[in-house]
Amino acid sequence: MANIHIDKDAFVRRLKSLYSTWNKPSDDDALAKADVIIVANGQDEEVVYSKTTSIQSWLFGYELADTLMVLCEKYLYMLASKKKIDFLKQVDGGKENEGGLPSIRLLVRDKADKDKANFTKILEAIKKSKKGKMLGEFQKDKFPGEFMDAWRSALKGGNFEKVDVSSSLAVIMAPKEESELRLIQKACSATCDVFSKYLKEQIMEVIDADKKVKHSKLADGVEQALKNKKFLPAGIDVSQLDMCYPAIIQSGGKYSLKFSTVSSDDNLHFGTIICSMGLRYKSYCSNIVRTIMVDPNDKMKECYELLLEVEEEILKTLTHGAKLGSVFEAAVKIVKTKQSSLLDKMTKTIGFAMGLEFREGALLITSMSDVVAKKGMTFNVNVGFSDLANKESKDAAGKTYALFIGDTVLVNEDSPASVLTNSKKRWKHVGIFLKDEDEVEEEDNEEEEKEAAPEMLGRGRRNAVLENRTRTRGRHGNAGEGNAELENRTRPDATTEEKRLKHQKELAHRLNEEARERLRGIQTGGDGKKLRKSNVSYKSISHLPNETEVRELKLFVDKKYETIILPIFGLPTPFHISTVKNISQSVEGDYTYLRVNFFHPGSALGRNEGNLFPQPDATFLKEITYRSSNTKEPGEISAPSSNLNTAFRLIKEVQKKFKTREMEEKEKEGIVKQDALVVNPNRGNPKLKDLYIRPNIVSKRISGTLEAHTNGFRFTSVRGDKVDVLYNNIKHAFFMPCDGEMIILLHFHLKHAILFGKKKHIDVQFYTEVGEITTDLGKHQHMHDRDDLRAEQAEREMRQKLKSAFKNFCEKVESLTKNQVEFDTPFRELGFYGAPYRSTVMLQPTSGCLVNLTEWPPFVISLEELELVHFERVSFAIKNFDIVFVFKDYGKKVAMVNSVQIQVLDNVKEWLNSCDLRYTEGVQSLNWTKIMKTIVDDPEGFFDNGGWSFLDPESDNEQEEESDEEDDEFNPSDEFEGSEEESSEDYSEESDWEEEEEDSDEEEELDSSEESGKDWDELEEEARKADMERDQYGEEEEPRDKRKQGKHKSSGSSKPSSSAKHKSPHKSPHKSSHKSPHKSGHSSKDRGRDRDSPKKRKHSGGDGGRDKKRKK
């Protein structure tokens, strides 16, 4: 047990809570009678839930068999084996009765005298505790074993009275701390996943295939599913997961709405199916109950909807300070009002508290309960109706049915209880409708022409399991291809794009409302410009140094006060070193010149730099020059210019020292003071060796060791540098394995920047290399070289070893921190390439971020901080587009990723849509600096004018459609077209080359590498093929006007689709969608004419001559 740790802080908090309640109990509390509290645990592996093991887990985090714990008024005695006592020494602070805590006395068991001496000590302490007569114990806990028998026999001789304190301690333990709630949430998440991914799927598969499967077999399968990680959420330790009770599956008219029921050996009936299951994670329980109905009628739907209303009312009433009895009465009132006939059929208990024990008998939601709910309590709310009649059922087993739903919920202070088991339970999610073969055949015949891919409509659609879809089943029990139709064939499903657009419209409306509420009442509070720090050298003239140089009106540098004293008009005048911009020294002939330049309004080239001065209207000294002779007069020790030389040297030294200190202070601005790292001296701490840190502590990278301590990580380099990263300062923690990468790393994105290497950093990374990053290309290699094969094998083994070491480290840290720090791994298969900085890197999504961690500087975008995502330069003619990330904090500069391939646009949209993030797109690049400044200056006006809807291209598309319709209505005559065609062709031949030369300078500035088209040979080959196809299919017989219209449509000049709302002072680097390597001969005016008059459109790129030959 040496490597097992006790959370001492939690132990102290919880023991204080227990003793404070015990010392000041209410009059009707059993604790008021108890003089001592005895917690005696024996050995009985069959006992799953007991108050004894619960209080041990609550205090220590572990169950301790054959351990006696006696809580006296001033002492806490613990009697156990030597190993357990060594483990319990972690909580022995050695301080007597500090802060209301008892002094801890640890006693090691002595098997020689069967602990008689130890029992005598404990009995003497019991008699001295308060009155020393009444023993508080847990009457239901009767553990067997030699140790427990000896203890009970020792108590018999003391003539003690006993009182049951189980209920009192249950109330004390019921409100959960944050660490406990995180474990319960993980248990709930695992319960929901196993239910939806396994149990629900199994039941649907049985129904689709019309199989005969026993209830008990389905229940046994649930327990086996816990060993398969594909049914569990990420980050769950499978070894810590267990069933709260065997899963209960009921159907076929035999229902018992209790959790002590056992699944029968009867076959599953395709009627009303009740599923109950719950998982424990690290001893904390969760539970879920769902009812699935096959072919339900309207009466069953009505009863089920009422049941959902009852549960909603329970959640609304179950708040901090509410009596559990009043919660029950609120549920009864709803049933009385809606359907009073169901009142007798409702369950008598509609919930109970749960935590370390599945069912806490002292905290039941019944009509008789007077216990008050408190914030942080977790309840299993379960309500149902039993013995309901279904007269429309065709078989006897379906004549009687029951409805039962249940969830794990958390009590809040002022709001309704939060549901922790978020598995869908609405009517449309639990109703399954079966159809006969004849109906399916009719529908198949009607939609046979509409179905493009009928082979995809088999039984494999696992995502439509419990949706409101029509299911079919053959009359004869066949499980053929047509018998298990999972889709609702009566209505074609909306495409993915339509669903995405619908969801985006909902997000757009919600986005503006939430942003308006968030920004409401926020004042700008001035421009926020910083003033130059006012440095006062001396508060009064009496503080001037009494030095010889000052009295003799020479230049003097006061290092202590960082001041230079200059003689001006016969007076020594001090200037702080911060007012000096620069100094210069020169020698001209027999004289030395020293020139001093000062900071003043206008001295800097930056905008608004005048505001840096507290009094910009004051009189400033711009510069001053001193001259001194280099000639040494007789009797002088040194030349007069030596004073200027000394002043020049000292001013440089003081100025350098001042600037260094000022830069360090600037780096420290905004640094939040961190807690001190609590170093755990235990050698068993999670540790990784031979890691490098980024950014480097010094200019040269150095390796070191990363170790996890009580409240944070410490990286210690080989030369002794230390970098501490506290757990409570970690916003996101990432573990990136070496799959497809040359490094394996741990990355921490922090809430507040930390300072090391004289700079502040918000991202800290620890990594090691797994292979040769550089390869010697001059080395002659053979495919089957044994050395190379051995090297590759060694690299694969090293990769696997490092991957396993890093993974174990992450799991240990998560366990040590009680999941306060959870490592997220990027999804490489969803990654795409882009350029967030200068180079193109692979960006990979995680569960809550978009990251690139392998290159430095790293790119980390937290999705919860994003307001919306905008795609720029989205056009089919351009191979790349840009992504702009707008943050909820409008004062923060937007983040941008450039040069993302257009092929991944749909994947990125789907990912953002699945994350409930609003996205927009446009063809132009916007000036986001001006846009964000406009929003920050007047947020109310921005949202009054539609908010972020200005990025929607819908209104622009409508205008383009209208203009297209006007163009289509204009049909010039053949004669006009013929004459215009000849002139346009001549014009294209003669003038295109001249305009190319004029526009070449402008076009060279564009990023044409992305838009480079086909060369002349390829274009000629395409034209030849097009002529052959036209000859083959007789297209030459078509009217000339249609042929010309086709030519106009294939013209290189595309109609601009940008809108007025996307105007920006920055020109888009991609204006043309022309694919030819030759420049377009159109100027902006010509393009404008082409848009207004379709008859004047011409081919660009010198294609006019070729078109003329083609027509001939």
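This report walks through salt bridges, cysteines, a charged patch and some backbone features of a predicted model.

## Ground rules

Residues are numbered from 1 along each chain as its sequence is written, and side-chain values use heavy atoms, with hydrogens and water left out. Because the model is predicted, local features need pLDDT of at least 70 and side-chain atom pairs count only at pLDDT 80 or more, while totals for chains, interfaces and linings use all residues.

Buried means under 20% relative accessible area, exposed means over 50%, and partly exposed is in between (1.4 Å probe, protein chains only). Helices (H or I, at least four residues) and strands (E, at least two) are DSSP runs, numbered from the N terminus.

## Salt bridges

The model has 42 salt bridges, where a salt bridge is a side-chain nitrogen of Lys or Arg within 4 Å of a carboxyl oxygen of Asp or Glu. One of them pairs D944 with R516, at 3.0 Å from N to O. D944 sits in helix α19 (residues 939–944) and R516 in helix α13 (residues 496–519), so this contact ties together parts that are 428 residues apart in sequence.

Another pair, R799 and E795, has its closest N and O atoms 3.4 Å apart. Both residues belong to helix α16, where they are four residues apart, about one turn of the helix. R799 is buried at 17% relative accessibility, and E795 is partly exposed at 29%. In the bridge between D882 and R873 the N to O distance is 2.9 Å. Here D882 is buried with a relative accessible area of 7%, and R873 is buried as well, with 4%.

## A negative patch

D1015, D1017, E1018 and E1020 form a negative surface patch. Patch members have over 30% relative accessible area and no salt bridge, and like charges are joined within 9 Å. Among these residues, D1017 is in helix α22 (residues 1016–1033) and is exposed, with a relative accessible area of 63%.

## Cysteines

How many disulfides does the structure hold? The count is zero, a disulfide being a pair of cysteine sulfur atoms within 2.5 Å. As for individual cysteines, C849 is buried with a relative accessible area of 1%, while C915 is partly exposed with 28%.

## Backbone details

The bond from R694 to P695 is cis with omega near -5°, and P695 is in the loop between β26 (687–694) and β27 (703–708). The bond from W856 to P857 is also cis, with omega near 5°, and P857 lies in the loop between β36 (849–852) and β37 (859–862).

Positive phi values turn up in residues other than glycine, too. D66 has phi near 50°; this residue is in the loop between α2 (51–60) and β2 (67–71) and is buried, with a relative accessible area of 15%. S899 has a positive phi of about 55°, is part of strand β40 (residues 895–901) and is partly exposed at 29%.

Q820 belongs to the loop between α16 (786–816) and β33 (823–824), and counts as partly exposed at 43% relative accessibility. The C-alpha atoms of Q820 and S179 are separated by 7.8 Å, with the two residues 641 residues apart along the chain.

How values were computed:
Patch = residues over 30% accessible without salt bridge, like charges linked within 9 Å, V, L, I, M, F, W, Y side chains within 5 Å. Areas by Shrake-Rupley, 256 points an atom, 1.4 Å probe, with all protein chains shown as cover. Lys, Arg positive; Asp, Glu negative; His and termini not counted. Charge placed at Lys NZ, Arg CZ, Asp CG, Glu CD.
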